[in-house]
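The following exercises are to be worked with the sequence and the model open side by side. Each task is followed by a solution in steps.

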Amino acid sequence: ETRPIRAKIGLKEGLKTDFRFFVYEFVYNEKTGKPEPKQRGVIRAKGKSKIVDNRKVATGDMGTSQFYQVAGRKLEPGFILQQQNDLGIEVLLAGEAGATGGILARADYRLGRFVGIRALFVYGELGGGDSKEYQNETSNFLRYGGGLAKGFQLMRNLELRPYAGAGMEQTTNDNILGGEQINSLYVRFGANLALNLKHNFQICGGLGSYNYFGYATDSDGNTENLTWNDYFDKSGPAAMFGVKVMF
């Protein structure tokens with residue numbers, strides 16, 4: 001059934017939040033004289049409260065679980081579902097531009113099957129490759145961090161995913177501590193928009209903000225007299241564009 005998408009499957013069959021199903025329509029093939037399945041979309045199970053508890057139901061007269069669509073065309077009542085769970089891993093490769101920029105690699109992991117909240121992710125990221133000058137000495141940066149993200153399906157093939165996280169950035173500069181490594185913590189907030197080219201391949205764009213805080217520290221944890229922004233002035237908005245592969 002549709003509006004909302006639902007089917008007679010539940011806890012007895014092991015259904016959990018964000019489990020993935022491919023949706024097929026059987027279409028008659030005039031050449032073979034037989035109906036053949038054609039994939040029409042991809043759906044996922046909704047949150048824990050929307051999954052029916054049918055473990056004590058002995059007949060087919062039971063409730064339905066609800067699903068949400070993440071790819072494909074408009075679905076019709078009577079289409080066939082086939083469960084095809086994924087690993088829940090999504091890998092983004094992108095470029096960033098702004099006060100903080102460079103190359104970004106990010107991996108999101110889907111948590112729904114464990115916590116019962118649909119489209120909830122934990123992510124880790126690695127970035128850098130941008131540079132800034134301090135007293136005529138160029139510094140190249142490396143940063144790494146992680147956080148949480150929550151997806152909202154705006155359309156069948158379009159998702160908005162706000163996120164919040166924290167991390168650390170590091171660099172060396174001959175005019176700071178004689179070239180020893182220094183680092184600073186940051187928090188970042190933003191949202192990415194993803195458009196399906198296939199059910200497991202997307203183009204992504206986003207806007208976020210890096211916010212560096214506290215004083216710069218060296219590799220031994222000793223605090224400097226200036227903040228990261230005093231040295232490099234890197235806090236501020238950053239735009240992102242890239243591609244994502246989903247496994």
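**Exercise 1.** Identify which residues line the second largest pocket of this predicted model, and sort the lining by class.

*Solution.* Step 1: the lining is made up of Thr 2, Arg 3, Pro 4, Ile 5, Gln 69, Lys 74, Leu 75, Glu 76 and Arg 156. Step 2: sorted by class, three of these residues are nonpolar, two are polar and four are charged. Step 3: the volume of this pocket is about 160 Å³.

**Exercise 2.** Describe the largest pocket and state which element gives the most to its lining.

*Solution.* Step 1: the volume comes to about 200 Å³. Step 2: 15 residues form the lining, and Glu 1, Arg 6, Gly 78, Phe 79 and Leu 81 lie nearest the centre. Step 3: S1 gives the most, with three residues. Step 4: the lining divides into eight nonpolar, three polar and four charged residues.

**Exercise 3.** Locate the largest nonpolar core and examine the surroundings of Leu 15.

*Solution.* Step 1: this core holds 13 residues, and Ile 9, Leu 15, Phe 21, Ile 43, Phe 67 and Leu 75 have the most contacts inside it. Step 2: two or more residues come from each of strands S1 (5-7), S2 (20-29) and S3 (34-45). Step 3: a second, separate core has 12 residues, including Phe 141, Ile 182, Tyr 212 and Ala 238. Step 4: apart from residues up to four places away in sequence, Leu 15 touches Ile 9, Gly 10, Phe 21, Ala 45, Ile 51, Ser 65 and Phe 67.

**Exercise 4.** Determine whether Ser 184 is buried or exposed, and list its contacts.

*Solution.* Step 1: Ser 184 belongs to strand S12, residues 176-198. Step 2: its relative accessible area is 2%; the cut-off for a buried residue is under 20%, so Ser 184 is buried. Step 3: beyond its neighbours within four places in sequence, Ser 184 contacts Gly 167, Met 168, Glu 169, Tyr 212, Phe 213 and Trp 228.

**Exercise 5.** Trace the strand pairings of S13.

*Solution.* Step 1: S13 (residues 201-218) runs antiparallel to S12, and 15 bridges join them. Ala 194 stands opposite Cys 204, and two residues separate the strands of this hairpin. Step 2: S13 is also antiparallel to S15 (residues 236-246), through 10 bridges, with Phe 201 opposite Val 245. Step 3: two bridges link S13 to the antiparallel strand S14 (residues 223-227), where Thr 223 is the bridge partner of Thr 217. Step 4: the hairpin of S13 and S14 has four residues between the strands, and Gly 221 takes a positive phi near 90° there.

Note on methods: Residues numbered from 1 in each chain as written. Predicted model: local features only at pLDDT ≥ 70, side-chain atom pairs only at ≥ 80, totals over all residues. Heavy atoms only, no water. Core = buried A, V, L, I, M, F, W, Y, C linked by side-chain atoms within 4.5 Å. Buried < 20%, exposed > 50% of the residue type's maximum accessible area, 1.4 Å probe, protein only. Contact = heavy atoms within 4.5 Å. Pairing = 2+ DSSP bridges. 1 Å grid on protein atoms, 1.4 Å probe; cavity = no way out; pocket = protein on both sides within 12 Å on 5 of 7 lines; lining within 4 Å. Points joined across faces, edges and corners; volume = space filled by probe spheres on them. Nonpolar A, V, L, I, M, F, W, Y, C, P; charged D, E, K, R; others polar.
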